[in-house]
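User: Hello! I am new to reading structures, and I would like a close look at a single part: the sheet and the salt bridges around it. Could you walk me through that part in one connected answer?

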Amino acid sequence: GSYDPQPQAVTIAGDAVTLDAAAFETGKLYKFSAQMEGSEARFLVFRQQDGSLSTVLDACQICGSKGYMQDGDYLICKNCNAPIYVPTLGLGGGCDPIPLPSQLAEGKLVIPAAGLR
């Protein structure tokens, strides 16, 4: 079955969103929402099987900000039902979510706000 979590509200502090990297379970989709200049920016975090964290916008260049839900090892575009294989998250192109730069620092996942615009 599909899994579509409600976005968790996060705040932008010092030009970045900072999240606790340890909070993410492997293979589970996390959705966040940040208020930015009067609009909502939604993004996704996914911990891959190798332990790495993928960060992407909850939107693609083709379908816009309809967003995604999870079905097992795939994210499904809510607009056109295109399946996105989760190991490819961050590569972009087609209906893949728009890549969102991030970095890990001292156990924190740091996402520069510039990528959310």
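An open sheet of 4 strands has the order 1-3-4-5, and its pairing is mixed. Here a strand is a DSSP run of E with at least two residues, numbered from the N terminus, and two strands pair if DSSP finds at least two bridges between them. Strand 1 (8-10) and strand 5 (53-57) stand at the edges with a single partner strand each, so one side of each has no neighbour in the sheet. On average, neighbouring strands of this sheet are turned by 30° against each other, direction ignored; the axes behind that angle are lines fitted to C-alpha atoms, and angles run from 0 to 180 degrees between N-to-C directions.

A word on the source before we go on. This is a predicted model, in which local features need pLDDT of at least 70 and side-chain atom pairs count only at pLDDT 80 or more, while totals for chains, interfaces and linings use all residues. Residues are numbered from 1 along each chain as its sequence is written, and side-chain values use heavy atoms, with hydrogens and water left out.

Now look inside the sheet. Strand 3 (residues 29-36) and strand 4 (residues 39-47) run antiparallel and are joined by 8 bridges. You can find tyrosine 30 standing opposite valine 45 in strand 4. Strands of a sheet pair through backbone hydrogen bonds, either parallel or antiparallel.

Next come the charged side chains. A salt bridge here is a side-chain nitrogen of Lys or Arg within 4 Å of a carboxyl oxygen of Asp or Glu, and the structure holds 7 of them.

Buried means under 20% relative accessible area, exposed over 50%, and partly exposed in between (1.4 Å probe, protein chains only). A network of salt bridges links Asp4, Lys31, Glu40, Arg42, Asp58 and Lys78.

Another salt bridge joins the side chains of arginine 117 and glutamate 37 (3.0 Å, N to O). Arginine 117 lies in the segment after strand 10 (108-112) and glutamate 37 in the loop between strand 3 and strand 4, so the pair ties together parts that are 80 residues apart in sequence. Arginine 117 is exposed, with a relative accessible area of 61%, and glutamate 37 is exposed too, at 66%.

**Back to the whole protein**

Finally, let us step back. The protein has 0 helices and 10 strands. Another open sheet, of 3 strands, has the order 6-7-8 with antiparallel pairing. Its edge strands are strand 6 and strand 8 (83-85), each pairing on one side only. Strand 6 and strand 7 (residues 74-77) pair over 4 bridges, and methionine 69 has isoleucine 76 in strand 7 as its bridge partner. Of the 117 residues of the protein, 44% count as buried.
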